[in-house]
Amino acid sequence: MTNTASKPMKALILFDSKTSGGSTEQLIDAIGRELAATGAYVEKAKCKSLGDYSFVEEFDVIIMGAPIYYLMVSSELLGALLQSNLKKFLQGKKVGLFLTCGSPELMANLLYLPQLKLNLAGTTTLAEKIFAPNQTSDPLIIKNYVTELVAAYRKTETE
């Protein structure tokens, strides 16, 4: 029998979080574990506004996430998109987006996701999710996000 399985997905989780070990970072770790359970290779990296993002080229999928502070996407992730070479290395990439936010989902979708999406021309968005505080540790909601992301990735690989 011939193995027709495609190569494992290489995923990078780029994130910003003001608190080490807080709910956003715990969510990131849970997303990483779920992705790894699907056979993906996963790394995470904390964003820096003026970092060098040339290493992004090595990954198939870039998952970007951050909390919302004072009605804005956390500054390091947004800063990386605006001030570093991240946008250049995201060109042609498949991306997943998530935000942690206490605002109602509709408001968050209208106000906060566009702050990221405006800077993602030339990418393919596989999945996006606003995680409310009570959802950041919900295994089923996290699994559903990862399942959507992986299914969309596999679909783009077969097209």
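**Rings and charges in a predicted model**

Q: What makes Phe-55 count as partly exposed in this predicted model?
A: Its relative accessibility is 28%. Buried means under 20% and exposed means over 50%, so a value in between gets the label partly exposed.

Q: And why is Tyr-53 called buried?
A: Tyr-53 has a relative accessible area of 2%. The cut-off for buried is under 20%, so Tyr-53 is buried.

Q: Why is the pair of Tyr-53 and Phe-55 called tilted?
A: The centres are 5.9 Å apart, and the planes make an angle of 35°. Pairing needs centres within 6.5 Å; stacked needs planes under 30 degrees apart and edge-to-face over 60, so this one lands in the rest, tilted.

Q: What makes the pair of Phe-98 and Tyr-145 edge-to-face?
A: Here the planes stand at 75°, with the ring centres 6.3 Å apart. The angle is over 60 and the centres are within 6.5 Å, so the pair is edge-to-face.

Q: How do you know that this pair links distant parts of the chain?
A: Phe-98 is in strand S5 (residues 94–100) and Tyr-145 is in helix H6 (residues 139–158), 47 residues apart. Both Phe-98 and Tyr-145 are buried, and together with Phe-131 they form one aromatic cluster.

Q: What makes Lys-129 a charge over the ring of Phe-131?
A: The charged end of Lys-129 is 5.6 Å from the ring centre. The distance limit is within 6 Å, so 5.6 Å passes. Lys-10 sits over the ring of Phe-59 too, with its charged end 5.4 Å from the centre.

Notes. Residues numbered from 1 in each chain as written. Predicted model: local features only at pLDDT ≥ 70, side-chain atom pairs only at ≥ 80, totals over all residues. Heavy atoms only, no water. Phe/Tyr/Trp six-rings, centres within 6.5 Å; stacked < 30°, edge-to-face > 60°. Buried < 20%, exposed > 50% of the residue type's maximum accessible area, 1.4 Å probe, protein only. Helix = DSSP H or I, 4+ residues; strand = E, 2+ residues; numbered from the N terminus. Lys NZ or Arg CZ within 6 Å of the ring centre and 35° of its normal.
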